[in-house]
Amino acid sequence: MGKLLVEDKTIVTPGEELAEGMDFLPAEGTFRDKDKIISSRLGLININGRVIKTIPVAGRYTPKKEDTIIAKVTNILMSGWILDIDSAYSAMLSVKETRDFIRRDADLTRYYNIGDYIVTDIVMVTSQKLIDASMKGLGTRKLIGGRIVKVNPHKVPRIIGKKGSMVSMIKNATGCNIIVGQNGLVWINGSPENEIIVVKIIRKIEQEAHISGLTDRIKTFLEKETNKKISIQKVE
Amino acid sequence: MAYTKRNDGRKFDETRPIEAKAGVIKRADGSAYFKIGKTAAYVAVYGPREIHPKFLQNPRNGKLRCYYNMMPFSSMGNRVRPGANRRAKEIAMVTEKALLPVVDLTEFPNSVVDVFIELPQTDAGTRCAGICAASMALADAGIPMKGMVAAVSMGRVDDKLVVDLDYSEESYEKGTVADIPIAIVSNTQEVSLLQMDGELSRDELKQAIEIVKKSCSKIDKIQRNALKERYEVKNE
Amino acid sequence: MNKEQNNHIFNFLEKGIRFDGRKLDEYRKIKIEKGFSENAEGSARVTLGDTIVFAGVKLSVEQPYSDTPDKGTMMINAELMPLSNPDFEPGPPAIQAIELARVIDRGIRESGAIDTKKLCIKKEEKVWSVLIDICTVNDDGNLFDASALAVVAALQNTKMPYYDGNIVDYKKKTKDALPLNLKKMPTSCTIIKIGNHFIVDPTYEEEKNVEARLTVEVEEDGALCALQKGGDKSLTAEDIDKMVGIGIEKSKELRKFL
């Protein structure tokens with residue numbers, strides 16, 4: 001009736017046969033070809049009951065509605081700002097999507113200037129990949145100072161952790177301000193020594209994201225680097 | 001005179017030794033290295049990204065763009081003058097056609113996926129090595145693909161059909177030679193690259209394609225292993 | 001770069017460290033692999049941190065230049081390959097590639113590292129021509145220094161092909177090395193100025209903040225054989241002296257890799 005051809009949580013390659021039989025349901029990152037389910041990309045296979053999908057491990061960021069990202073202002077138009085969000089497409093922040101009331105003849109550079117980094121929400125992605133951003137959301141803000149580090153966008157969930165537990169642990173241990181964008185841009189602001197520790201940790205998480213026991217390993221590594229004892233907050 | 005033994009002692013259906021590695025160029029979105037005998041190819045994939053000039057945009061589908069180049073010191077003999085020549089342009093085009101059947105760029109309208117193929121060392125079979133590396137690099141870049149592509153040059157040296165012609169066989173003087181680069185799509189076993197230089201009978205062509213399918217199947221395994229090795233979890 | 005971002009960088013530099021934890025005068029890990037391309041008469045692959053550069057040497061028999069009838073000729077070409085950086089475009093060499101090639105050329109030429117007199121086969125008629133090509137494979141900054149190391153390493157393992165007086169047989173390599181003046185081999189050190197600080201071996205990210213840079217090529221005895229100032233801002237005479245001093249210091253370290 002149905003036969004799995006690969007083990008759960010292993011890396012699969014494009015066109016690889018994942019399962020046989022009509023029992024299984026092809027979800028994201030897979031497709032059905034006659035009675036076989038096939039991977040449509042390089043990814044980590046995820047089997048949930050009868051549903052098979054692949055989680056991407058590589059590739060540029062694909063903009064999604066409701067993502068909070070870090071963007072860089074690259075151009076200023078009459079009606080707003082053009083943002084580089086590190087994907088194939090740029091986003092548009094309209095003056096109507098800011099918290100301030102901006103007059104028609106206002107100098108837009110006073111709000112966000114070219115080269116500024118902002119935390120912004122994606123509110124719309126059309127089929128032609130026109131992207132609208134907004135600064136009305138709670139977490140949105142302009143980023144002052146600090147530095148930006150680029151990570152694999154597919155590792156962002158691990159860097160943030162369940163309900164932010166991982167990134168909170170790192171923030172508390174290093175005293176750095178950290179904001180992780182869904183698009184793989186991470187803003188860090190703290191003392192030089194601590195920022196360097198944060199970057200080390202982030203790179204370690206990127207490399208070991210799929211290995212179990214990550215939180216404990218990172219905790220040990222953090223304790224070693226900062227010479228502090230860390231308690232992991234229990235997440236409900 | 002009949003060609004009874006290959007110059008390097010290989011069996012008639014044996015390829016030269018193969019080395020494959022993914023993720024070799026950090027700046028790229030995806031990359032790979034593929035070496036067969038002395039022919040080595042590096043491929044970097046950048047994309048999906050904005051396409052310039054804008055008039056090349058396709059609002060329905062992303063575009064795949066390939067470039068092929070041999071480094072000036074790559075061949076036995078005189079230095080190869082840098083710059084795109086007619087041969088390089090043609091190879092780039094057939095490489096693109098060889099990869100298109102597996103690549104799915106419908107999610108990336110108005111953008112381009114650039115594939116750059118560079119060879120630091122050549123000993124025949126360069127376009128095939130480029131295609132093998134490009135297929136891996138595209139997967140490494142997380143591009144949606146229905147399968148992968150492997151390619152190898154079949155040859156007819158005198159009266160024998162041989163797999164993976166090397167330069168000494170290509171320039172065999174004691175009899176006639178045909179050089180037939182062929183690319184096979186993994187899942188469907190369909191042919192996505194077919195060229196021929198020399199003389200060949202219809203029957204020989206049929207045989208050649210069947211032999212190449214077997215070789216490409218072996219190459220396919222090597223390509224996939226290289227991709228998995230890159231992302232595989234290293235358990236402590 | 002806005003003011004606050006700049007200040008953030010200065011915070012680091014004041015404390016003597018950079019974003020990647022290196023000291024201001026610290027080079028990234030260097031690895032040199034000689035002879036990686038079998039078809040070239042000489043070749044080298046250099047990794048400098050994540051920057052990867054290839055250099056290859058090809059030799060051919062040509063007519064000498066009329067003003068140097070008894071000397072071999074040399075040419076260095078550089079390609080900033082689109083493979084190595086998303087900002088590089090395919091096509092004829094960009095001005096940055098031309099600058100790179102010419103600066104490294106001057107270092108090799110002015111130092112006399114290649115003994116061009118020994119490259120003469122028949123005066124006024126035939127000399128060896130040394131054709132060096134630099135190809136960037138991954139650009140994470142400091143292509144200058146990585147390329148210079150690659151070129152010197154490639155020259156060091158170059159072997160003359162067999163020449164019967166008529167045709168060059170590239171398939172037969174002799175055991176004869178390319179005639180070099182080993183003591184004259186130059187090393188290149190690129191120093192960039194950010195604020196009041198000087199840092200060596202910039203990463204791609206650091207190169208974006210360059211105000212001014214100085215590439216210093218030095219021979220074994222400390223003599224300067226090439227200089228190139230880049231960047232939009234100017235340098236004081238004191239800056240230059242400091243940077244040259246750093247270049248000469250670092251040259252000793254870099255030489256150990258060759």
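**Notebook: chain A, predicted model**

I began with the surface: chain A exposes about 11,800 Å², and carbon and sulfur atoms supply 51% of it (Shrake-Rupley method, 1.4 Å probe). The model is predicted, so I kept to its limits: local features need pLDDT of at least 70, side-chain atom pairs count only at pLDDT 80 or more, and totals for chains, interfaces and linings use all residues. Residues are numbered from 1 along each chain as its sequence is written, chains are lettered from A and ligands numbered from 1 in the order written, and side-chain values use heavy atoms, without hydrogens and water.

Next, burial. Of the 236 residues of chain A, 49% count as buried (under 20% relative accessible area, 1.4 Å probe, protein chains only).

I then listed the secondary structure. Chain A has 4 helices and 17 strands (DSSP runs: H or I of at least four residues, E of at least two).

I picked out one open sheet of 3 strands, with the order 15-17-16 and antiparallel pairing (strands pair with at least two DSSP bridges between them). Strand 15 (147-150) and strand 16 (177-180) stand at the edges with a single partner strand each, so one side of each lacks a neighbour in the sheet. Neighbouring strands here are turned by 20 degrees on average, direction ignored (axes are lines fitted to C-alpha atoms).

I checked one pairing. Strand 16 is joined to strand 17 (residues 185-189) by 4 bridges. A:Val180 has A:Val186 in strand 17 as its bridge partner.

Last, I looked at what covers the sheet. Helix 3 (residues 192-208) lies across strand 15, strand 16 and strand 17, at about 155 degrees to strand 17 (contact: heavy atoms within 4.5 Å; angles run from 0 to 180 degrees between N-to-C directions, with helix axes fitted over the stretch in contact).

Note on methods
Buried < 20%, exposed > 50% of the residue type's maximum accessible area, 1.4 Å probe, protein only.
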